[in-house]
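Hi everyone, thanks for coming. Please have a look at the sequence and the model on the screen, and then I'll walk you through a few places in it.

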Amino acid sequence: MPKFAANLSFIFQEVGFLDRFAAAAECGFKAVEYLSPYELPPEIIAEQLNRHGLVQALFNMPPGDWAAGERGTAALAGRVHAMAGVLPAGSDPAAAERIYVANLQHAAERLAREGITVIIEPINNRDIPGYFLNTTTQAMAVIERVGHPNLKLQLDLYHVQIMEGDLAHRMRALAGHYPHVQIAGNPGRHEPDVGEINYPFLFDLFDELGYSGWIGCEYRPKEETRAGLGWAQAYGIRG
């Protein structure tokens, strides 16, 4: 059965960030993830995880100056980060890829010593225009060039549907390369039962493929979070 992680940067927006841990646990989630928890000391985050018996499935590295439009810096000269980033106008994509590969080699080696897996996520160019890493094909080419076992793929099916489609085929072809998955409906990035993607079919396929990692719920609820959790009742999540 799929294991779902509540993305606290997207769902349970009805309450403050720290209260979302309790809300997730009350609904039956066993893990959480978030984009950027850096405004709080790690001890505060750890206390919430421990209090509610939650696994921290994933979080993003600091993305740079978000207010100024930065969305990661790993493909930008003089910067280091796992998110590739938005290239400035006129940038050379080949040079950006060389920088990206070098930075990821450094990060993968350094974090392997800490037992932390580095994963890279292709993001569609509609939500973040100009983002450097857009497709699983491009991501796997980068991973091959980096050549370190501690670098893996984050498979966000919402982004993959927009950029590439053919989700079942890609899940099969990439099996073993992705330790973390994220989901959302398309169009709209709402609940997984809203839109064109047949997620129950894909969840069964993950089971068939032996995927045992977390599936992050990184979607924007159309209304109140609990009211939209009907899609997850069959998997032990309740509203």
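**A walk through the sheet**

Let's begin with strand 4 and strand 5, which run parallel and are joined by 3 bridges. Two strands count as paired if DSSP finds at least two bridges between them. Helices (H or I, at least four residues) and strands (E, at least two) are DSSP runs, numbered from the N terminus. Across this pair, Ile120 stands opposite Leu153 in strand 5. To get from strand 4 to strand 5, the chain passes through helix 4, and this β-α-β crossover is right-handed.

A word about the source before going on. This is a predicted model, in which local features need pLDDT of at least 70 and side-chain atom pairs count only at pLDDT 80 or more, while totals for chains, interfaces and linings use all residues. Residues are numbered from 1 along each chain as its sequence is written, and side-chain values use heavy atoms, with hydrogens and water left out.

Back to strand 5. How many of its 6 residues are buried? The answer is 5, so to speak a mostly covered strand. Buried means under 20% relative accessible area, exposed means over 50%, and partly exposed is in between, using a 1.4 Å probe and protein chains only. On to strand 6: strand 5 and strand 6 run parallel with 3 bridges, and Asp156 has Gln182 as its bridge partner in strand 6.

Now zoom out. What is the order of the strands in the sheet? It is an open sheet of 7 strands, ordered 3-2-1-7-6-5-4, with parallel pairing. Strand 3 (55-59) and strand 4 (118-120) are at the edges; each has a single partner strand, so one side of each is left without a neighbour in the sheet. From one strand to the next, the twist averages 30 degrees.

Let's visit the strand 3 end. Strand 2 and strand 3 are parallel and share 4 bridges, and Ala31 has Val55 as its bridge partner in strand 3. Strand 1 (residues 3-7) and strand 2 (residues 31-34) run parallel, joined by 3 bridges. There is another right-handed β-α-β unit here, made by strand 2, helix 2 (residues 42-52) and strand 3.

Is Asn7 buried or exposed? Its relative accessible area is 0%, so Asn7 is buried. Among the residues that Asn7 touches are Glu33, Gln182 and Cys217, leaving out those up to four places away in sequence. Touching, or contact, means heavy atoms within 4.5 Å. A polar atom of the Asn7 side chain also lies 3.0 Å from the backbone nitrogen of Ser9.

**Two helices with two sides**

Helix 4 (residues 136-146) has these buried residues: Thr136, Ala139, Met140, Val142, Ile143 and Val146. They cover an arc of only 160 degrees around the axis, which puts them on the same side of helix 4. The arc is that of the directions from the helix axis to the C-beta atoms. Just after helix 4 comes Gly147, with a positive phi of about 70 degrees.

Helix 7 (residues 199-209) ends our tour. Its buried residues are Tyr199, Leu202, Phe203, Leu205 and Phe206. Seen down the axis, they fall within an arc of 160 degrees, so they line one face of helix 7. The face turned away carries the exposed residues Asp204 and Glu208. Leu209, also in helix 7, is partly exposed at 28% relative accessibility. Beyond its neighbours within four places in sequence, Leu209 is in contact with Met171, Arg172 and Tyr178. After helix 7 comes Gly210, whose phi is positive, near 80 degrees.

Technical notes
Axes fitted to C-alpha atoms, helices over the stretch in contact; angles between N-to-C directions. Polar contact = N/O pair within 3.5 Å; in protein donor to acceptor, adjacent residues only side chain to side chain. Right-handed = clockwise from strand over helix to strand, strands pointing away.
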